[in-house]
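User: Hi! I would like to understand how the labels on this model are decided. Could you take me through a few of them?

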Amino acid sequence: MEKTFFIVASFIFGTIIGSFLNVVIYRLPRGKSIGKPAFSFCPSCGNRIKWYDNIPLVSYLVLKGKCRNCKSSIGFRYFLVELLTGIGSVFSYLKTGISYEYLFVFLFVGIMIAITFIDLEFRIIPDQLNFLGFIAGIAYSSLKMNILDSIAGVFVGAGFLWGIAYFYLRFRGIEGLGMGDVKMMAFVGAYLGWFGALFTIFVGSFIGAVVGILGAYISKSEDKGKFEIPFGPFLAFASVIYLFFGEYIKEWYLGGMM
Ligand SMILES: [Zn+2]
């Protein structure tokens with residue numbers, strides 16, 4: 001009974017944070033202030049959105065995805081971000097219980113959701129998000145007494161990806177990866193350690209390659225070979241899988257080698 005209450009509460013809390021993440025995803029890559037104005041407004045007509053039209057998930061459904069004032073459609077992304085953040089909050093609670101660790105785990109998920117949707121739309125990963133994640137990752141690891149693994153994770157994660165980027169640029173003359181991805185892996189490594197960083201790179205690359213090949217195949221008729229996908233969302237996905245199931249993955253993998 002108590003657990004059910006906390007699951008529902010953490011979901012609702014997550015959707016509220018998701019609503020805030022929508023603001024971050026809209027404003028950060030456009031160079032706008034996150035805090036000012038404090039209210040939300042419709043991107044089409046600029047109308048201030050009333051509090052009762054700004055209830056996570058519910059308002060989107062009530063208004064059928066349209067602005068009450070100008071009736072222009074609000075992207076499904078707004079609903080999706082709130083839903084994913086709500087689910088991420090529940091997973092964070094189930095992993096950590098009522099503990100300071102919840103804040104760190106949920107912060108990781110929140111930053112990854114913001115990175116995913118910003119990278120999908122703008123092909124950038126804002127430094128502010130990577131920096132916040134990096135600092136939080138170091139702090140979290142210090143509190144959990146595994147700071148050495150965290151530092152190793154930073155070097156393995158960022159170093160490995162930097163090496164790939166360098167190789168691509170040097171030998172193929174193309175900028176295959178952005179420095180945003182490299183900085184992102186420093187953040188992931190700080191949180192997840194060296195094994196988590198490697199898992200994120202390999203699993204993220206694998207899923208990215210599969211999606212990339214499928215995408216290139218589907219879009220072949222139009223612009224051949226020009227199909228490009230950002231890497232950040234795949235890294236984000238793989239890292240969140242590891243965040244929640246890393247203990248089992250590591251045990252299974254390292255156990256199998258002995
Ligand atoms: Zn409007």
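Analyst: Happy to. Domain bounds come from an automatic or database domain assignment. On that basis the protein chain is divided into domain 1 (1-98) and domain 2 (126-258), with C-alpha centres 27 Å apart. This is a predicted model: local features need pLDDT of at least 70, side-chain atom pairs count only at pLDDT 80 or more, and totals for chains, interfaces and linings use all residues. Residues are numbered from 1 along each chain as its sequence is written.

User: Why is I113 called buried?

Analyst: A residue is buried if 20 or more other C-beta atoms, placed from the backbone, lie within 10 Å of its own; 12 or fewer makes it exposed, and in between it is partly exposed. I113 has 25 such neighbours, so it counts as buried. This residue lies in helix α4.

User: What does I113 touch?

Analyst: Contact means C-beta atoms, placed from the backbone, within 7 Å. Leaving out residues up to four places away in sequence, I113 touches L21, V81, L84, T85 and G88. L21 is among the buried residues of α1, while V81, L84, T85 and G88 are among those of α3.

Methods: Helices (H or I, at least four residues) and strands (E, at least two) are DSSP runs, numbered from the N terminus. Two residues are in contact if their C-beta atoms, placed from the backbone, lie within 7 Å.
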